Amino acid sequence: MKAGDVVLIGSACSVQFSGDRALMLRLVSIGETDPYNDWIWITGYVLDTKGLATAKRELYVLRAGLRIRRRTAPASAQPRRSGSRMMA
């Protein structure tokens, strides 16, 4: 799991996100895991049904409950721009 991934935040993360309170979140940052109970702070943008960001949130969730829906492509897999360079 890394910044840019889209994760489902549901009841497995915390009871406050059960039922219709579940949300999709595009991760911006992931805090350190609390070693005693496996909870973490995450920051990201809540996505609507079209995949557009609607609000920035910082959440404290159970790491094991996060479900990755879409992973960010590695930098090497992203298409490169081709362009001409101007010679002086």
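1. A residue is called buried when its relative accessible area is under 20%, exposed when over 50%, and partly exposed in between, using a 1.4 Å probe and protein chains only. By this rule Tyr60 is partly exposed, because its relative accessible area is 31%. The structure is a predicted model, in which local features need pLDDT of at least 70 and side-chain atom pairs count only at pLDDT 80 or more, while totals for chains, interfaces and linings use all residues. Residues are numbered from 1 along each chain as its sequence is written, and side-chain values use heavy atoms, with hydrogens and water left out.

2. The sheet. Strands (E, at least two residues) are DSSP runs numbered from the N terminus, and two strands pair if DSSP finds at least two bridges between them. Five strands form an open sheet with antiparallel pairing, in the order E4-E3-E2-E1-E5. Because E4 and E5 stand at the edges with a single partner strand each, one side of each is left without a neighbour in the sheet. From one strand to the next, the twist averages 45°; the angle is taken between N-to-C directions, on a scale from 0 to 180 degrees, with axes fitted as lines to C-alpha atoms.

3. Strand E1 and its partners. Strand E1 covers residues 6–9. Four bridges join E1 to strand E2 (residues 23–30), and the two run antiparallel. Val6 stands opposite Arg26 in E2, and Leu8 stands opposite Met24 in E2. With strand E5 (residues 67–70), E1 pairs in the antiparallel sense over three bridges. Here Val7 has Ile68 in E5 as its bridge partner.

4. Ile9. This residue lies in strand E1 and counts as buried because its relative accessibility is 0%. Contact is taken to mean heavy atoms within 4.5 Å. Leaving aside neighbours within four places in sequence, Ile9 is in contact with Phe17, Ala22, Leu23, Leu25, Ile42, Leu59, Val61 and Leu66. Val46 is 37 residues from Ile9 along the chain, and the C-alpha atoms of the two are separated by 9.8 Å.

5. Asp5. In the segment before E1 one finds Asp5, which is buried because its relative accessible area is 0%. A polar atom of the Asp5 side chain lies 3.0 Å from the backbone nitrogen of Lys2.

6. Aromatic pairs. Rings of Phe, Tyr and Trp (its six-membered ring) pair if their centres lie within 6.5 Å; planes under 30 degrees apart count as stacked, over 60 as edge-to-face and the rest as tilted. The count by this rule is two aromatic pairs. The pair of Trp39 and Tyr60 is stacked because the ring centres are 5.5 Å apart and the planes are at 25°. This pair links distant parts of the chain, with Trp39 in strand E3 (residues 39–47) and Tyr60 in strand E4 (residues 53–62), 21 residues apart. The pair of Trp41 and Tyr60 is tilted because the centres are 5.0 Å apart and the planes are at 40°. It also links distant parts of the chain, with Trp41 in strand E3 and Tyr60 in strand E4, 19 residues apart.

7. The aromatic cluster. Ring pairs link Trp39, Trp41 and Tyr60 into a cluster. How exposed is Trp39? Trp39 counts as partly exposed because its relative accessibility is 23%. Trp41 is likewise partly exposed, at 46% relative accessibility.

Conventions: Polar contact = N/O pair within 3.5 Å; in protein donor to acceptor, adjacent residues only side chain to side chain.
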